[in-house]
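This report walks through one protein chain, from selected residues up to the whole fold. Keep the structure open while reading.

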Amino acid sequence: MPSCGWLLLALFVAALGNTIGVVAYKQTERNCSLSPPYLPSTAVNTTLQLKELQEQMLLLNISAYIIPGTDAHLSEYIAPRDARMAFMTGFTGSAGTAVVTQTKAALWTDSRYWVQAERQMDCNWELEKDVSISSIAEWLISEVPSGDEIGFDPFLFSLETHKDYSINLESSNRSLKSIPVNLVDQVWKNREPIPSDNLTRLPDRVIQRPWQKKVMQIRDQIRDNPYEPTALLLSALDETAWLFNLRGNDIPYNPFFYSYTLLTMDEIWLFLHTDRMTDELRVYLNASCNGSLCVQLKSYDTVRDHLKKYVAQPGVKVWIGTEYTNYALYEIITPEEKLMTSSYSPVLTTKAVKDDTEQRILRDAHVRDAVAVIQLLMWLEKAVPKGKETELTAADYVNKCRNKQKDSRGPSFETISASGPNAALAHYSPSEESSRRLTVDEMYLVDSGGQYLDGTTDITRTVHWGTPTAMQKEAFTRVLMGNIEISRTIFPSGTRGVNMEMLGRRALWEVGLNYGHGTGHGVGNYFGVHEWPVGFQGNNIPFRTGMFTSIEPGYYKENDFGIRIEDVAVIVPVHTKYGHNYLTFDTVSLVPYDRKLIDTSLLSSEQLHWLNKYYETIRRLVGPELDKQGLHEEKDWMLKHTESFMMSGSSASVCSSSLTIIALAVTLLHNIS
């Protein structure tokens, strides 16, 4: 073909490529600059709810209304009926704040969700690519006339959130107005009702402390506090669930129920939806008497009025944990002399230390959970080379494996099943649109967990079914080194996680790598998978014997691959040569790491020794469980992947058992000759 023909063809291909690009763009994201604006099929029409909300705002004479993406208990996970931000905007991401005025509407969210927001929101909404309250306040000052009020639901504001807004607005002649009746709820006609299923009590086999003993334990802390509080207010959902050994199903992935508790030295008030209490539970809680160990059941919606009446009495002082108490309850505890605060309530700090029974059963849950993850990894090893499996099918498979385990209560969070560039997004979860096919040419990361009647699990493994690059292998090994260094560390009791967090990063730092998320979090006993206040962050409490935490360093190369190795460990006492009261971590997650990704030449002898001991533990604890369940092929897979390591160049493939076989063979050949 003549040169001009090639030119015409090139121009045609370029034009076609551009057209395809535009079509792809139009299919996924809105374009509000067009006339009329282009909206993808995923965008939600929000015109009606915006109009009705603005009418409600006019009645209250407010010029703006703030809509956070949380619930009245400041929960990490919220129920669909509390997704007010999503109802108003169409955006379903887990982080964000919406603000509505009479003429504008805007959403603030972080970079993880910018594309999602452009796909889900219509052109009624501006997208502000920020999450800071200072950015929201700056926008409010520019849009709200001087002297006007900005409304908010105090049940959805933390104390810190209210303080930050107040500071940013204080010199602007614009003020916040607390409106305890949520305006979004007034216009949300098809909002889901409160769940109607009954609450349940934990069986005796998973309980060491009955609720009465827990109440007395907390009352001892109230009595011994030098600031002399007379009552303790519990607002976080896991606080009340733990205190009474009760569970519900109100929040996705979390066995919680809507509730508050007000505890004094003589009385117990439990605020919940009382129609969900069976006669058996009323007897269990001594709900028909008036003694100090009798639980008085009150309607959930009366907590604010009841607290106001209590505070009106002379000589009372209410203790609150500021991290989980909403502003609606805080603002009525006046004057200031009637308030006592700490970051966390004594229930949260007490719950963080598991008793002997809780430690035992949480370990047991991790053994059964390991079976499910081993089933997944063995299946993927066979299935992926056939080219038919996807991120979604892998996530479904591990959840099905868990559901077959004893006392399973479903997943503890949405499974992160990510391959190739998707794995570079630390909190990615697959959807029908985003799910990629798994191949032997890419790394795969699976972060999953289960809820069991005896515990909550959370584990991450990263694998490669083909030949990893040298960089992938080194990065994986250095992430593993960080996991091991924290896991084998010995430290004085009372050490804070933040003071040893860098151990998880040091091997990465040495070659200029890092990761952008936390290094670990607390884990519950059939509770939240992220259980505060345990972990490696600055606002976590010091480590003590009996606490459980995840250890999860990682590395993420943008648009290429992601690595995370996450285990749960319990803090246990350790004997040292000279000192006393020292602690270390005992890993309870029991799934082997991908051998082909480990470069043993980078590991120290101490790290290699720890790894071999860990694999011995997997064999000792998971092997019998696999036998018990008749999973003989899975046991063979586990034994193969937990063979002992030895230093052998850059490979972790040779084991002591293999050397024994080779030695015997050599001896036999020598004798024959």
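N286 is partly exposed, with a relative accessible area of 27%. The model is predicted, so local features need pLDDT of at least 70 and side-chain atom pairs count only at pLDDT 80 or more, while totals for chains, interfaces and linings use all residues. Residues are numbered from 1 along each chain as its sequence is written, and side-chain values use heavy atoms, with hydrogens and water left out.

**Backbone exceptions**

Most residues other than glycine have a negative phi, and most peptide bonds are trans. N286 is not a glycine, yet its phi is positive, at about 55°. N286 sits in the loop between α10 (279-284) and β12 (295-299). Helices (H or I, at least four residues) and strands (E, at least two) are DSSP runs, numbered from the N terminus.

N61 is another non-glycine residue with a positive phi, near 60°. Its loop runs between α2 (47-60) and β1 (64-68). N61 counts as exposed, at 64% relative accessibility.

Two cis peptide bonds deserve a look. One joins T334 and P335, with omega about -5°. P335 lies in the loop between α12 (327-330) and β14 (339-342). The other runs from W532 to P533, with omega near 10°. P533 belongs to the loop between α17 (506-509) and β22 (548-551).

**Selected residues and their contacts**

W532 is also in the loop between α17 and β22. At 24% relative accessibility, W532 counts as partly exposed. Contact means heavy atoms within 4.5 Å. Leaving aside neighbours within four places in sequence, W532 is in contact with Y324, Y344, L348, K351, Q537, N539 and N540.

S235 occupies the loop between β8 (231-234) and α9 (237-244). S235 counts as buried because its relative accessibility is 0%. With neighbours within four places in sequence set aside, its contacts are H73, S259, Y260, Y324, T325 and L329.

D594 is placed in the loop between β26 (582-587) and α18 (605-628). D594 counts as buried, at 12% relative accessibility. Not counting residues up to four places away in sequence, D594 touches T462, V463, H464 and F476.

W379 is part of helix α14 (residues 356-383). Again leaving aside neighbours within four places, W379 contacts E389, T393, A394 and Y397.

| Pair | Separation in sequence | C-alpha distance |
|---|---|---|
| W532 and T349 | 183 residues | 8.6 Å |
| D594 and R81 | 513 residues | 41 Å |
| W379 and K163 | 216 residues | 52 Å |

**Domains**

The domain assignment gives domain 1 (46-187), domain 2 (200-352) and domain 3 (356-632). Domain bounds come from an automatic or database domain assignment. The C-alpha centres of domain 2 and domain 3 lie 34 Å apart. Their contact takes 21 residues from domain 2 and 27 residues from domain 3.

**The whole chain**

The chain has 20 helices and 26 strands. Its radius of gyration is 28 Å, close to the 26 Å that the globule rule gives for 673 residues, so the chain is as compact as a globular protein of that length. The radius is taken over C-alpha atoms, and the rule is 2.2 Å times the number of residues to the power 0.38. The C-alpha trace spans about 100 × 85 × 45 Å along its principal axes.

How much of the chain is buried? Of the 673 residues, 54% count as buried. Among contacts between residues at least 6 apart in sequence, 70% join residues at least 24 apart. The chain exposes about 29,600 Å², and carbon and sulfur atoms supply 53% of that area. Accessible areas come from the Shrake-Rupley method with a 1.4 Å probe; for residues, only the protein chains shown count as cover.

The chain carries 64 positive and 80 negative side chains, and the centres of the two sets lie 4 Å apart. Lys and Arg count as positive and Asp and Glu as negative, with His and the chain ends not counted. Each charge is placed at NZ of Lys, CZ of Arg, CG of Asp or CD of Glu.

Terms used. Buried < 20%, exposed > 50% of the residue type's maximum accessible area, 1.4 Å probe, protein only.
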